[in-house]
Amino acid sequence: MSLLRADAFLSPFEIEAALTRALEEDFGRAGDITSTATVPEDAPGRAIVGAREAGVVSGLPLVAAAFRRLSPEIEITPHARDGAAIGAKTALMTIAGNARAILGAERVALNFLGHLSGIATATATFAERIAHTKARVVCTRKTTPGLRALEKYAVRCGGGYNHRFGLDDAILIKDNHIAVAGGIRAVLTRAQQAAGHLVKIEIEVDSLDQLKEVLDVGIADVVMIDNFDLDSMRKAVAMVGGRLVIEASGGITLDSAAAIAETGVDYLSSGALTHSVRNLDVGLDIEM
């Protein structure tokens, strides 16, 4: 079964940039001195990249690119694709070619694969918990610096959706913006005056009174109800009456997700999808 969404595109420029940073970090100034010392320069190698536990795969394009960066002639045979829900002990890819290249790229490739697959797996579990509702799960900007595009791709591989990628693709007014601007009406008015016609305006509220004020002003496209209890969420959904998109946020967990989604909100945002996941256990085994 594949959970890969149609918009789960991963830019080749992001792959290139991430691999450059990671390989330069790992190879340092002298390169892989262990493989250079112990493996003949032209020795062939063959290896299987596999998942040692069940999960959802993400990051295989980075795995292939890592080995090909060190040896463009390397032969790669895929056995799975990103977004696949796989069982334990599943072969994901066979690699054949220069042994030094295989050994040199191994850790970088597995780091990306394990991390991104962990995110995809966690997202799939979250999405499954709320599948009986209309709500969708979205990630946040709480990502590993330099890896945001990759981590948000992994969320899409797991059947989730993305919130904004950065500060520049949507207006999201938080409590501190409201405080500095002088209140909800003032901050929304300023935002409306500055926003382009394709830019959405979202505002965070922490009470039903603030929500009422947002509705009275009538400018926002999306409202984020932050740390509301379930009863307040249901009241918020009734107050909005479909006039705004509602995003629930604040400490949402797997255990609380279903009940929150059942209140009628449109989105559940969770930073935990990217900042608190456990890597999927993956490995590379040389075949002699």
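Residues are numbered from 1 along each chain as its sequence is written. Because the model is predicted, local features are reported only at pLDDT of at least 70 and side-chain atom pairs only at pLDDT 80 or more, whereas totals for chains, interfaces and linings use all residues, and side-chain values rest on heavy atoms, with hydrogens and water left out.

Helices (H or I, at least four residues) and strands (E, at least two) are DSSP runs numbered from the N terminus, and two strands are taken to pair if DSSP finds at least two bridges between them. An open sheet is formed by four strands in the order E3-E5-E1-E12, with antiparallel pairing. Strand E3 (75-78) and strand E12 (282-286) stand at the edges with a single partner strand each, so one side of each is left without a neighbour in the sheet. Within this sheet, strand E1 (residues 44-51) and strand E5 (residues 90-98) pair over eight bridges, and Arg46 has Ala96 in E5 as its bridge partner.

Helix H3 (residues 60-70) lies across E1, E3, E5 and E12 and runs at about 15° to E5, while helix H4 (residues 99-129) lies across E1, E5 and E12 and runs at about 165° to E12.

A nonpolar core is a set of buried Ala, Val, Leu, Ile, Met, Phe, Trp, Tyr and Cys residues joined through side-chain atoms within 4.5 Å, where buried means under 20% relative accessible area, exposed over 50% and partly exposed in between (1.4 Å probe, protein chains only). The largest such core has 82 residues, and Phe112 and Leu188 are among those with the most contacts inside it. Its largest share, twelve residues, comes from H4.

Eight salt bridges were counted, each defined by a side-chain nitrogen of Lys or Arg within 4 Å of a carboxyl oxygen of Asp or Glu. One of them joins the side chains of Asp266 and Lys134 (3.2 Å, N to O), linking distant parts of the chain that are 132 residues apart. Asp266 is buried, with a relative accessible area of 19%, whereas Lys134 is exposed at 56%.

Technical notes:
Contact = heavy atoms within 4.5 Å. Axes fitted to C-alpha atoms, helices over the stretch in contact; angles between N-to-C directions.
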